[in-house]
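This briefing sets out selected computed features of one protein model for review alongside its sequence and coordinates. The points are grouped by topic.

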Amino acid sequence: MTAEATPPDVPAKAKPRAAGFAVLVAAGILLSRIAGLIRVRVFAHYLGNSPAAGAYNAGLKIPNFLQNLFGEGVLSASFIPVYARLIAEDDDEMAGRVAGVILSLLGVVVMVIVTICVFLTPWIIDLIAPGFQGEVRLLTIRIVQILFPATGLLVFSAWCLGVLNSHHKFFVSYVAPVVWNAAMIATLVFFGTRTSQSGLVVALAWGTVVGSALQFGIQIPFVLKYAPRIKLSLQTSLPHVRTVIRSFGPVVVSRGVVQLSGYVDQIIASWLGTAAVAGLSYAQTIYFLPISLFGMSVAAAELPQMSGAVGTADEINTALRTRLERGLRQIAFFVVPTVTAFIFIGRVLVAALYQSGEFHSDDTLYVWYILVGSTFGLLAVTLGRLYSSAFYALRDPKTPLRFAMVRVTLTAILGLLFAFPLRPYIVDLIVLLHMPVPNLPEGSKLLGVIGLTASAGMAGWIEFAMLRRALARRIGSVKLAPSFLGRLWISGLVAAVAGLACHLYLAPLITPHLPFRHISEAILVSGAFGVAYFAAAILLGINEARATLKRFARR
């Protein structure tokens with residue numbers, strides 16, 4: 001409805017505030033990630049870098065592949081743009097029918113695939129973890145066969161997220177994984193001292209299934225409240241359903257390609273040893289935190305807004321450019337200091353999260369080095385999320401697919417080079433920088449994972465450049481000003497110096513007298529880092545710093 005057509009006594013509908021939505025998404029993700037970090041810390045306490053830990057971490061990725069293939073990413077790219085447009089047009093009846101058909105189709109497809117995969121698990125394990133042999137292989141097979149039923153539940157949970165996001169109800173879906181993590185934490189604590197490590201990961205697999213059911217179930221009342229007209233059916237002849245299905249194919253392939261990148265890393269890591277698989281998983285838990293907290297939160301909040309944009313082509317393109325520029329600045333403001341934090345004070349953070357019980361100081365050092373390698377492409381990956389969302393809003397999932405295929409190919413080639421023939425140079429670089437080499441049972445070959453993650457970052461930058469260039473051809477150029485990025489990096493380096501100085505000189509005087517020394521040190525060092533970053537950013541005139549502080553002050 002135009003402004004002229006609105007009666008004087010009827011107030012115009014308030015325009016949704018995407019920035020506020022991003023805060024809700026970030027809050028939900030933050031709570032779920034905190035729960036996840038607690039879960040991984042408990043996991044590390046009982047299992048460390050043991051073969052059982054490697055088996056579970058490898059096994060968990062297999063059903064997660066199907067969840068990510070048919071879950072949140074695919075639904076965000078294919079279902080949300082169509083469903084959100086119907087909601088924006090006040091066609092709730094058709095929106096409910098479309099949502100019901102998509103849920104029914106997901107149920108049928110996932111049920112068939114999960115049933116087949118349960119029987120094919122031994123061959124799947126040989127394909128994605130060829131380095132696993134003997135008892136470790138058998139244990140991984142058992143874990144995966146237990147975990148597969150949880151896949152369908154998590155896909156349904158992602159469907160709930162798509163519905164609620166389109167209704168601008170972000171918090172519930174992103175905080176729902178808290179109960180998933182809680183079920184796993186309870187399982188670890190209850191069985192941690194009552195069984196062997198192999199028995200513990202089997203029990204944990206069952207706890208994961210229970211947690212998946214809870215995560216799905218907690219969202220159902222909210223879906224029924226905000227979308228009461230949903231009707232289950234397999235009526236694929238509906239035009240809007242066909243639009244979703246047409247996008248679904250390319251997006252599934254695109255997500256499959258993206259997920260394949262992670263499996264390439266795992267396959268190569270399995271040849272380096274079980275500790276490499278476990279160490280990579282520990283590092284990725286930290287690495288994915290800023291991607292989810294900053295990249296996903298902004299992209300998830302902006303996608304329904306961009307998809308619901310109406311007007312002429314020029315008006316839509318202008319709206320997209322405005323939202324993209326604001327979103328890119330928001331993401332970069334938080335990700336740039338995250339990169340410097342992981343590099344300079346990452347060891348403190350890893351120790352606080354994991355170091356206890358079976359997880360020792362050498363394990364901390366090893367995971368930190370992997371984390372440093374991962375930072376190479378962190379900014380590109382998070383910014384790329386927003387660019388991909390813009391393509392999805394434009395009903396163009398094929399362009400991100402092409403670029404994702406390029407990234408996976410480069411990841412595989414560069415990963416093999418860095419993990420094997422170039423691995424000695426990584427060790428030489430560590431020695432040249434006078435950094436300690438972790439003393440791990442499987443030897444220095446485990447350090448190949450560092451090059452593996454760094455090479456994935458290189459491929460990520462190439463994908464990001466292609467996404468940005470292609471989007472500029474569609475809607476006009478949208479990129480961050482070099483001066484803005486320069487001020488961010490200066491602020492991040494200032495914060496790194498403050499955090500490192502606190503770690504080297506202040507923490508040794510204070511933390512030995514405090515309980516939970518590693519956690520206390522991380523709080524102290526991170527606090528110094530954060531204060532220095534915001535102070536430097538404000539002095540350098542970065543508006544996002546003041547806006548963020550004001551937002552927290554209001555809350």
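Where is the place of His 434? In this predicted model, His 434 sits in the loop between α16 (423-432) and α17 (448-475).

- Although His 434 is not a glycine, its phi is positive, at about 60 degrees.
- His 434 counts as exposed because its relative accessibility of 74% is over the 50% cut-off.
- The end C-alpha atoms of α17 are 41 Å apart, which agrees with the 40 Å that its 28 residues should span at 1.5 Å a residue.

- Helix α14 covers residues 378-393, 16 residues in total.
- From the first C-alpha of α14 to its last, the reach is 23 Å, close to the 22 Å expected at 1.5 Å a residue.
- Since 14 of its 16 residues are buried, α14 is largely enclosed by the rest of the structure.
- Asp 396 belongs to the loop between α14 and α15 (398-419).
- The relative accessible area of Asp 396 is 13%, so this residue falls under the 20% cut-off for buried.
- The side chains of Asp 396 and Thr 399 are joined by a polar contact of 2.8 Å.
- When residues up to four places away in sequence are not counted, Asp 396 touches Phe 391 and Arg 474.

**Gln 355, between α12 and α13**

- Gln 355 is placed in the loop between α12 and α13 (361-374).
- Gln 355 counts as buried because its relative accessibility of 19% is under the 20% cut-off.
- Two polar contacts of the Gln 355 side chain can be listed: one to the side chain of Thr 364 at 2.7 Å, and one to the side chain of His 518 at 3.3 Å.
- With residues up to four places away in sequence left out, Gln 355 touches Arg 41, Val 350, His 360, Ser 361, Thr 364 and His 518.
- Gln 355 and His 45 are 310 residues apart along the chain, while their C-alpha atoms are separated by 7.4 Å.

**Arg 329 in helix α12**

- Arg 329 is part of helix α12, which comprises residues 313-354.
- Arg 329 is in contact with Leu 480, Phe 484 and Glu 544, leaving aside its neighbours within four places in sequence.
- Between Arg 329 and Ala 481 the C-alpha to C-alpha distance is 9.3 Å, although 152 residues separate them in sequence.

**Nonpolar surface patch**

- A nonpolar patch on the surface is formed by Val 108, Val 109, Val 112, Ile 116, Leu 120, Trp 123 and Leu 234.
- Together, these patch residues have about 650 Å² of accessible area.
- Val 109, one of the patch residues, is located in helix α4 (residues 92-128).
- Val 109 has a relative accessible area of 36% and is therefore partly exposed, a class that lies between the 20% and 50% cut-offs.

Definitions and conventions
Residues are numbered from 1 along each chain as its sequence is written. This is a predicted model: local features need pLDDT of at least 70, side-chain atom pairs count only at pLDDT 80 or more; totals for chains, interfaces and linings use all residues. Side-chain values use heavy atoms; hydrogens and water are left out. Helices (H or I, at least four residues) and strands (E, at least two) are DSSP runs, numbered from the N terminus. Contact means heavy atoms within 4.5 Å. Patches are made of residues with over 30% relative accessible area and no salt bridge: like charges are joined within 9 Å, nonpolar side chains (Val, Leu, Ile, Met, Phe, Trp, Tyr) within 5 Å. Accessible areas come from the Shrake-Rupley method with a 1.4 Å probe; for residues, only the protein chains shown count as cover. A salt bridge is a side-chain nitrogen of Lys or Arg within 4 Å of a carboxyl oxygen of Asp or Glu. Buried means under 20% relative accessible area, exposed over 50%, partly exposed in between (1.4 Å probe, protein chains only). The expected span of a helix is 1.5 Å times one less than its number of residues. A polar contact is a pair of N or O atoms within 3.5 Å; within protein, one must be able to donate a hydrogen and the other to accept it, and residues adjacent in sequence count only if both atoms are side-chain atoms.
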